[in-house]
Amino acid sequence: PDTSRAALAVAAVIGHDFDLGLLSRVTGQGAEQLLEALDSSLANESIVASSQAPGAFAFAHELIREVLYAELPASERCRLHFQVGQALEARRAAGIQIPSTELAHHFLSALPHGDLRYAIGHARAAAGAAMRMAAHVDARLLLTRALEAVKFGLDSEPATLTALLLELALCERVLGTPGYSDHLKRGVALARQHRLGTMLA
């Protein structure tokens, strides 16, 4: 039904796992109303309820989520990612542990909605955490996405671009990526050009 499909489309933006609290905050609908909308999807097992946490659900098959996500207009997807990011931040402010990776994903996916510097800041924080855990592949993916996001306009902030290039170069060097020197050279050139001595050091 349309009501179920609309709720599930928002859930598809949240991710494979979602809960009524977050869904309610993003849609502006009550949890009870949303649960009724999801009844048919639970009945046909498009989604399954979690036995671990009340009000938590997951898509039974990733393909279902992918189709619902792909059918959303691009502008709507960006807007919803931004709203999900804000809702997750509110949870973090309330003391709930929210991984930086999750915030980075939603705020980067929201662009051009939201603040580019803010999205990149979350990506760098998540990449830093990943590198400390030796998850350099994940860190590289985050930093590459953040570098791609620069095209939305960071020309006036060479320090941010320099930091991204140098952090990505260091990450790629650990992974043994042959092209890491390209990012390193660009980062060093920018640092010299804009007299970013600390970064250069």
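Helix 1 and helix 4 each supply at least two residues of the lining of the second largest pocket, so let us start our walk there, with helices being DSSP runs of H or I, at least four residues long, numbered from the N terminus. This is a predicted model, in which local features need pLDDT of at least 70 and side-chain atom pairs count only at pLDDT 80 or more, while totals for chains, interfaces and linings use all residues. Residues are numbered from 1 along each chain as its sequence is written, and side-chain values use heavy atoms, leaving out hydrogens and water.

The second largest pocket holds about 170 Å³ of space. A pocket here is an open set of points on a 1 Å grid over the protein atoms alone, where a 1.4 Å probe fits and protein lies on both sides within 12 Å along at least five of seven lines; lining residues have an atom within 4 Å of a point. Among the lining residues are Pro1, Arg5, Ser41, Ile64 and Glu71. Helix 4 gives the largest share, 4 residues. By class, this lining has 5 nonpolar, 4 polar and 2 charged residues (Ala, Val, Leu, Ile, Met, Phe, Trp, Tyr, Cys and Pro count as nonpolar, Asp, Glu, Lys and Arg as charged, and the others, Gly among them, as polar).

Now turn to the largest pocket, with about 190 Å³ of space. Of its 15 lining residues, the closest to the centre are Val13, Tyr69, His81, His105 and Ser109. Helix 5 (74-93) contributes to this lining, and its 4 residues are the largest share.

Finally, look at the aromatic rings. Rings of Phe, Tyr and Trp (its six-membered ring) pair if their centres lie within 6.5 Å, with planes under 30 degrees apart stacked, over 60 edge-to-face and the rest tilted. The count comes to 4 aromatic pairs. Phenylalanine 107 and tyrosine 118 have ring centres 5.4 Å apart and planes at 75 degrees, so this pair is edge-to-face. Because phenylalanine 107 lies in helix 6 (residues 100-110) and tyrosine 118 in helix 7 (residues 116-132), the pair ties together parts 11 residues apart in sequence. Elsewhere, ring pairs link Phe18, Phe57 and Phe59 into a cluster.

Technical notes. Points joined across faces, edges and corners; volume = space filled by probe spheres on them.
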